[in-house]
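Here's a quick briefing to keep beside the viewer. Have a look at the structure first, then go through the points below.

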Amino acid sequence: MGILEVKGVNKRFGGLQALGDVNLSVAENTVHAIIGPNGAGKSTLLNCLVGKLIPDTGSVMFDGQSVLGRKPHEINQMGISRVFQTPEIFGDLTVLENVLIPCFAKRDGAFRMHAFETVAHERDIVAKATQMLDDVNMADKKDMHAASLSRGDKRRLEMAMCLVQEPKLLLLDEPTAGMARADTNNTIDLLREIKEKRDITMAIIEHDMHVVFSLADRITVLAQGTPLVEDIPEKIKGHPKVQEAYLGQAHG
Amino acid sequence: MFGLSSKDTRFLLIVVFLTLATPILLQPFPEGSSLAQFNAGYPDLMQKFAIFGIFAIGFNILFGLTGYLSFGHAAFLGVGSYTVVWMYKLLGYNVLPGLVLAVIVSALFALLIGFISLRRSGIYFSILTLAFAQMSYNLAYSVLTPITNGETGLQVYSNDPQILMGENSPTSPHLFGIVMRESTQFEVGGWLFTLNNGYYFCAVIAILAFYLSLRIFRSPFGMMLRAIKTNQTRMNYTGLNSRPYTLAAFVISGMYAGLAGGLLAAMDPLAGAERMQWTASGEVVLMTILGGAGTLMGPVLGAGFIKYFENIFSKINDGVLHAWFAFLPDGLEDLVVALIHPFVGKGWHLTLGILFMLVVIFLPGGLVEGGQRIARLFRSKKTKTAGPGGRNRDHQPKPAPHVAE
Amino acid sequence: MTNSTFTRRGVLKTGAVTGAGLALPTIFTSSASAFTNEPTGNTVTFGFNVPQTGPYAEEGLDELRAQELAVEHINGIGDGGMLNTFTSKALDGTGILGKKVQFVTGDTQTKSDAARAAAKSMIEKDGVVMINGGSSSGVAVAVQSLCQEAGIIFMAGLTHSNDTTGKDRKANGFRHFFNAYMSGAALAPVLEKAYGTERRAYHLTADYTWGYTQQESIQSFTEALGWQTVNNVLTPVGAGDFSSYIAPVLNSGADVLILNHYGGDMVNSLTQAVQFGLRDKQVNGKNFEIVVPLYSELMAEGAGENIKGVFGSMNWNWQLQDAGTKAFVQSFGQKYGRPPSNSAHTCYVQTLLYADAVARAGSFNPCAVAEALEGFEFDGMGNGPTLYRAEDHQCFKDVLVMKGAENPTTPFDTLEVVEITPRAQVEYAPNHPMFGGDEASLGQCNSGA
Amino acid sequence: MDAILLQILNGLDKGSAYALIALGLTLIFGTLGVVNFAHGALFMIGAFCAVTMQRILGLSFSQVDPTKTDFLGNPLKVQVPYVESWFGPEVGGAIIDWSVPIAIVMAIPVMIALGFAMERGLIKHFYKRPHADQILVTFGLAIVLQEIVKYFFGANPIQTGAPDMFAGSFDFGVLMGFDPNVIIYPYWRMVYFLFALVIIGGVFAFLQFTTFGMVVRAGMADRETVGLLGIDIDRRFTIMFGLAAAVAGLAGVMYTPILSPNYHMGMDFLVLSFVVVVVGGMGSLPGAVLAGFLLGILQSFASMNEIKSIIPGIDQVIIYLIAIVILLTRPRGLMGRKGVMED
């Protein structure tokens, strides 16, 4: 029994079958990659997991509970954090504040009227956030405007914001999309480090085979909205069906 | 002190000092001098500064922090005023019950409007709030005349119950016998200063309101609100429900507005329906943007700026102009007066419009940015003389602009 | 140290010269004052609170012209205007009680709040002893109650609602202008003569206090004639387009449309009613007619030729032929190149009446002034013999019934006087139910002491 | 039935004005992404073009008429318009009578020039600024414009009549078999409605069938991409601003016989037109037109006595009520696109 269990999920947009009978199981403390060509339904699947879309049929169970019908913030509170394709951070806030917010969310839940406390007086939380920034090597930038960070640093910051919540499951939506090779390698290093240092389950949606094979414990290949195969990376590499699906676009 | 950092404490103390010294600071010109026209240290205007300051501070908690632009906050102002006057009519002239109730009623009203309006964001939210406020205004002006006394404005009549009125109770708004419109005056040389009870009552409340807003700005709650303004998607995927946060901000700012409206009636026992019109909502938007949205002091400055114009510039008529330029030769005097004439007196709107444009074009951060630029100019001069040590400033990573100042 | 309810200026504003106030190194000067803003120097300040911005700005401008002229006449500048024809001779053109009059102005914006703020500023900052002006009843009532609280005299400008001297009457407030009741009383006989007693009236009424009182008055008078009231429809203020209110009128069986509108609303509703061709129609075998109970010159100018033949009432008109009117028109016309409007007239007269009352009372004390005004009978101000009634501070005088002129030669004679309704015909008891009944009371005069 | 027909007719011309103003507002918003609070002022300036034309055509010289006297008792100076003395009272009078339609000729270049000047001189610098700044600066501009007009024309409403030919009203009722006087409709309002249809049709045709229009529509959908194609989209957007100003101005010119213009009429229409635009859906041209007519007609219905007697004051709040209902049921208005103006 995995921490995330997707069973028989279907999703149609008008006449288009975006997801057809998707079954997926992500085991605890593994890195599970979902790959597939453009339009394979990877993003739709992800959106079904985080509450942005509701599947037409099927079930999505996380940690023994259904996520269906819950709002994104509720699902996050269950322990799923998400990293976006283009980093979603609080641009107008400082780097430290960016990390403080998930800390508060973790401690206080989805809403708390803490209008009469002072951020600076929440020493535990500030310490935790500072420690997290230290972990991702951003401690020296903690007073900078998040919007003025480099793209790599934004990604790093977003990752820190997710990790500081100590999620049970971290979803990554093409974390290296549009990155230069060097940046991609940095990201791979960062993720590998996270994987080694923490007990965390990750589900990665990715285009870039290099990233996938460097990180994943298991891989699901999605094509036209249906899982094609699921296996360990070594088996996937030479799999004929995968070759077929990726024909002509082996590396995105 | 007061749960604030030392910098904020200093800031607060400066604000307290400025507020308490306002009656003196706003009378820079001696009585009888030709510039006395520009003195603003008379009770009504000072009260307006404090009250609209409160209104704008509250509005800024919503707009400045969350970015939700409400075009209907005047409705809460009006509700606050009506509540207070109704309390005068039913209970008596003590302002306290009315003010407390004004805050409660406006909070409920804001809860209702906010609950519905916050289902949408952006301009759709603005139009929803505008629609509610305009409906309130139109109804208050006409159909609800039995409750609001319509165009004339709600006021106290001699046959009202006023059940708490004793034999010797003051017959105008008071706080346990301290009558709001009483003043103490003193003269120093040619200067005349008026210390008005009502003003100091408003000033104390304004300081409390400011302190509260300072605390909110520095609180996790305030940080959440700023986060909503920046990125709601991330907010939601961080496990935070933005709706109750925005609703709380909306209600808080509605309470500020209700308090301000209540104070208007506490200073002057009449509540007019125009207080709820969209122009009044627009005014607080302009005050906030003009001063600097999202900054602590900006909205207060903006409020002061607009009220000063409305009350001082509108009173400069041709007679006054002629008196100023009487020293010029006749022809020149007439020419100068004719040139200035369109901009003052009944033309004060024109000047205000031009200033709006100038400020927003040249000072995108509002008046506060103007102040900061001047301060920076001052500072850079200082650092130049202080030697090379100060120069490093510019090369450090740019710190996030602090929301204070 | 002085404790005062409303500020009083010990030091005078006399232009550029800084007088004794600066020279004396006094700290904590104290001087007891008998009443609010007691003038101590050789000048006294009036406050003219008129709409300078907003829809009635033009009317406010004309009021301001007249007030300025009145001040000149009181101070002995110019030809003296109505002071020459005024029956009371207490004013001699040397100011009031030896003090020169100066004035400050405020902008009411035709909003109660703004008007009160402007009035307060004039009382607190400029130390005025009297406020005059205004162009709407809401503003008048609001400022009147403020003056009552402050302890100064309010001489209302253009305010036509019954409430101003009815349920909202105040001891410190005085109204020279006529009211909705008088309009009804004056119009009814003329309407009877012109349109007969078998008429069916349809009212369009501005949806606010003034509209209600005027509609109530006109309805009661026309019904007394035997007219029926088909309907009374409330229209939003500033609606702009009244077509959806006007269109159903013809089919309602009504043959007279009564427009209880003022200002821009009146210009638009009348223009649009004419555009709908109402006045070319026949209903019940009679010509369809339109009545505008309250006229003003500026609105008539705005409505242009649409007002031809439309009846209405006015407080005063420059075309009157009495000596007072002639003197005022001459004086005003010389200075400004145009004849005065009736709101200008009422503000001018009110300023003179106040000054005269002070001179007769020998004091600026508002209570003394009020006493001098109460029950004061005078003539020579253009309205014939006039009484300032003590019970409600309303002036009683002749009322003019006007009609849109068929062939105006200048922009100023768009209206012509049809009848001068004698004062006796428009009088009523102070406790008339439309004026607050027995409950209405002036309260106590407040001098602010 | 007849009452409903009557109110539909009345709603049409009110709706025409709303639709025209909202159309211009949406053009500016859709192309430039600018919230233009000065749009009402443009409508007002248009109306004052008609007033100006009336004044120009009515330019007069004085002739002393010794038989009459003015209010001061001096001999009356009669004002004789130049056009009447040039062309004779018949033709001259007719020219003056037609000053509102003639004003269109003046309004088009004036409004386009004003639009260009506004866009190049001011709005251009605000594309990248927050909407709040745009609101403040255009609101300031609106105040300035209206104060300038007030300075020259005063605060009173100014009568600008329609040509005599269009005076009076047409009896639709008789045409449809009702009694006379049941459904009457002024000729000028018909003219206005037709005029609005022509303008709206013209704008849509322009955007639909010209290359210029196609580029602009593409730009409205995705400005950056069009910019990448090497098309000078900025220049076209300037022209669009001029066009929007002209639409607002023409709406104002032709509205003057219905509503005597005064300097603050722009502000009166501003709030309403924003409600219309938002109800239609920000950035949607058909939405703006649809919402304009819809709100106009519903407002007319709400003014009916039958409805007012059930819900007093409904005519004063109907527009806002509809706006609330529509925005709560259709998050982006009637025809709004996703993601526009939601931040």
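Helix H3 (residues 112–124) of chain C is a handy place to start: its 13 residues reach 18 Å from first C-alpha to last, close to the 18 Å expected at 1.5 Å a residue (the expected span is 1.5 Å times one less than the number of residues). Helices here are DSSP runs of H or I with at least four residues, numbered from the N terminus. This is a predicted model, where local features need pLDDT of at least 70 and side-chain atom pairs count only at pLDDT 80 or more, while totals for chains, interfaces and linings use all residues. Residues are numbered from 1 along each chain as its sequence is written, with chains lettered from A and ligands numbered from 1 in the order written.

- All 13 of the 13 residues of H3(C) are buried, so the helix is largely enclosed by the rest of the structure (buried means 20 or more other C-beta atoms within 10 Å of a residue's own, with C-beta atoms placed from the backbone).
- Leaving aside neighbours within four places in sequence, Phe55(B) is in contact with Leu77(B), Tyr256(B), Ala257(B), Ala260(B), Val284(B) and Ala303(B) (contact means C-beta atoms, placed from the backbone, within 7 Å).

**Domains of chain A**
- The domain assignment gives domain 1 (1–79 + 167–252) and domain 2 (89–166), with bounds from an automatic or database assignment.
- Their C-alpha centres lie 26 Å apart.
- Each domain puts ten residues into the contact between them.
- On the domain 1 side, H6(A) gives the most, with five residues.

Methods
Two residues are in contact if their C-beta atoms, placed from the backbone, lie within 7 Å. Helices (H or I, at least four residues) and strands (E, at least two) are DSSP runs, numbered from the N terminus. A residue is buried if 20 or more other C-beta atoms lie within 10 Å of its own, exposed if 12 or fewer, and partly exposed in between; C-beta atoms are placed from the backbone.
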